[in-house]
Amino acid sequence: KLRLRAGSERQVQVHFLWYGTRTGANRDKSGAYLFLPGEKGAQVYSFSEPPLVRVSRGPLYSDITSCLRHVTHTVRLYHLEGHAGRSLEISNMVDIRSQVNRELVMRIVTDVASGNRFHSDLNSFQMQQRRTLSKLPLQANFYPMTSAAFLQDAETRITVLSAQSQGVASLRPGELELVLDRRLQQDDNRGLGQGVMDNKRTSSLYHLLLEERRGGQEVGGASVEHLSLLAHLTSLSLSHPPITMVAPVDVQVPKLRPFLPLRSSLPCDLHLLNLRTLEDPQEAGAPSQEVALLLHRKGFDCSSAPEPALQCTWSAHEECV
């Protein structure tokens with residue numbers, strides 16, 4: 001169960017499943033470019049021995065790790081203020097090198113009444129509404145997800161934020177399927193000339209965010225939706241993790257001069273895209289005394305404001321959409 005401080009509670013389960021491929025000598029099969037699942041659809045991931053489960057508790061975070069044969073699955077909750085402590089971190093380490101013609105997916109099952117609609121992002125810039133249509137084959141209901149996808153009803157939104165791009169689907173109401181890895185032995189005749197057999201141990205990282213919606217519309221019909229401000233901050237932390245550099249104590253490390261171009265921090269809805277020098281117009285290839293500062297202002301959904309409020313500011317003329 002996921003429970004907010006305001007009292008809202010949602011049931012959430014995580015399942016792992018296998019997709020096979022079509023059978024028959026004269027039929028196209030899944031390959032590097034084609035996803036052609038078998039007639040049975042997804043099969044529940046089963047194991048002959050109980051998984052090894054490790055529970056850790058500490059002042060900074062608590063987590064549960066389940067060690068299965070082909071995947072090590074960890075769910076972690078950070079005991080921190082700010083956006084880091086508002087979501088569940090889900091990480092997987094997948095190794096399917098022993099399999100043939102199988103694709104592993106993670107299915108998140110909730111009790112959100114999302115109908116046949118969900119949203120996934122387009123190149124991390126805007127959210128696109130997706131519809132699951134029963135008249136289409138199963139593979140036609142999978143869509144690309146660069147960094148985010150969410151399910152929602154009139155009261156609740158559940159958002160999955162990803163550190164890597166992958167395929168996503170919502171084949172039943174309240175469910176999201178994320179493709180973790182694929183191993184396929186045949187070429188699909190789309191130009192590659194080989195199957196997908198160069199697998200390595202593959203990691204994936206997500207944050208699962210539960211938010212209340214205030215004044216949210218009923219699910220259905222065309223609508224333009226945005227991530228909440230909290231979801232934007234969490235997604236940015238996944239896309240731009242800090243780079244930690246460690247040096248021995250006895251090594252002389254050069255001192256870095258502080259660079260403070262701003263009097264105060266940027267508002268929460270502004271993301272620093274780039275800060276670079278401009279080329280000298282008089283001397284090709286040489287830097288000038290001018291710099292270019294590129295900012296991206298995030299449009300966010302104000303119906304999902306967190307409680308308690310975030311300890312930061314946003315633009316004076318904010319646009320809630």
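A polar contact is a pair of N or O atoms within 3.5 Å; within protein, one atom must be able to donate a hydrogen and the other to accept it. In this predicted model, a contact of that kind, at 3.0 Å, joins the side chains of Gln99 and His70.

**Overall description**

The protein has one helix and 19 strands. Its C-alpha atoms fill a box of roughly 65 × 50 × 45 Å along the principal axes. Of the 321 residues, 40% are buried. Among contacts with a separation of 6 or more, 61% are between residues 24 or more positions apart. The accessible surface comes to about 19,300 Å², and carbon and sulfur atoms account for 53% of that surface. There are 35 positive and 33 negative side chains, and the centres of these two sets lie 5 Å apart.

An unreviewed UniProt entry carries the annotation "domain: Glycosyl hydrolase family 38 C-terminal" for residues 11-190. In the model, residues 11-190 are 0% helix and 49% strand, with 42 Å between the end C-alpha atoms.

Helix α1 covers residues 229-239 and is mostly covered, with nine of its 11 residues buried. The buried residues of α1 are Leu229, Leu230, Ala231, His232, Leu233, Thr234, Ser235, Leu236 and Leu238. These buried residues pack against three strands, namely β14 (156-162), β17 (202-212) and β18 (270-279).

Ser228 lies in the loop between β17 and α1. Ser228 counts as buried because its relative accessible area is 1%, and the cut-off for buried is under 20%. The Ser228 side chain makes a polar contact of 2.5 Å with the side chain of Glu211. Leaving aside neighbours within four places in sequence, Ser228 is in contact with Arg157, Glu211, Phe300, Asp301 and Ser304.

Gln99 is placed in the loop between β8 (88-94) and β9 (102-110). With a relative accessibility of 11%, Gln99 counts as buried. Besides the contact with His70, the Gln99 side chain has a polar contact of 3.3 Å with the side chain of Ser98. When residues up to four places away in sequence are not counted, Gln99 touches Trp18, His70 and Arg183.

Gln43 lies in strand β4, which spans residues 42-44. Gln43 has a relative accessibility of 37% and therefore counts as partly exposed. Its contacts, leaving aside neighbours within four places in sequence, are with Leu17 and Trp18. The Gln43 side chain reaches the backbone oxygen of Lys40 at 3.2 Å. Gln43 and Ser204 are 161 residues apart in sequence, and their C-alpha atoms are 21 Å apart in space.

| Side chain | Partner side chain | Distance |
|---|---|---|
| Gln99 | His70 | 3.0 Å |
| Gln99 | Ser98 | 3.3 Å |
| Ser228 | Glu211 | 2.5 Å |

**Loop residues with positive phi**

Asn123 is found in the loop between β10 (117-122) and β11 (126-131). Asn123 is not a glycine, yet its phi is positive, at about 55 degrees. Asn123 counts as exposed because its relative accessibility is 59%, and the cut-off for exposed is over 50%.

Ser124 lies in the loop between β10 and β11 as well. Ser124 also has a positive phi, about 65 degrees, although it is not a glycine. With a relative accessible area of 33%, Ser124 is partly exposed.

**Ser8**

Ser8 is found in the loop between β1 (2-3) and β2 (9-10). Its relative accessible area is 22%, so Ser8 is partly exposed. Not counting residues up to four places away in sequence, Ser8 touches Leu2, Arg3 and Glu212. Ser8 and Thr277 are 269 residues apart in sequence and 49 Å apart in space, C-alpha to C-alpha.

Terms used: Residues are numbered from 1 along each chain as its sequence is written. This is a predicted model: local features need pLDDT of at least 70, side-chain atom pairs count only at pLDDT 80 or more; totals for chains, interfaces and linings use all residues. Side-chain values use heavy atoms; hydrogens and water are left out. Helices (H or I, at least four residues) and strands (E, at least two) are DSSP runs, numbered from the N terminus. Buried means under 20% relative accessible area, exposed over 50%, partly exposed in between (1.4 Å probe, protein chains only). Contact means heavy atoms within 4.5 Å. Accessible areas come from the Shrake-Rupley method with a 1.4 Å probe; for residues, only the protein chains shown count as cover. Lys and Arg count as positive and Asp and Glu as negative; His and the chain ends are not counted. The place of a charge is taken as NZ of Lys, CZ of Arg, CG of Asp or CD of Glu. UniProt positions are given in the numbering used here, feature names are shortened, and annotations may be inferred rather than shown by experiment.
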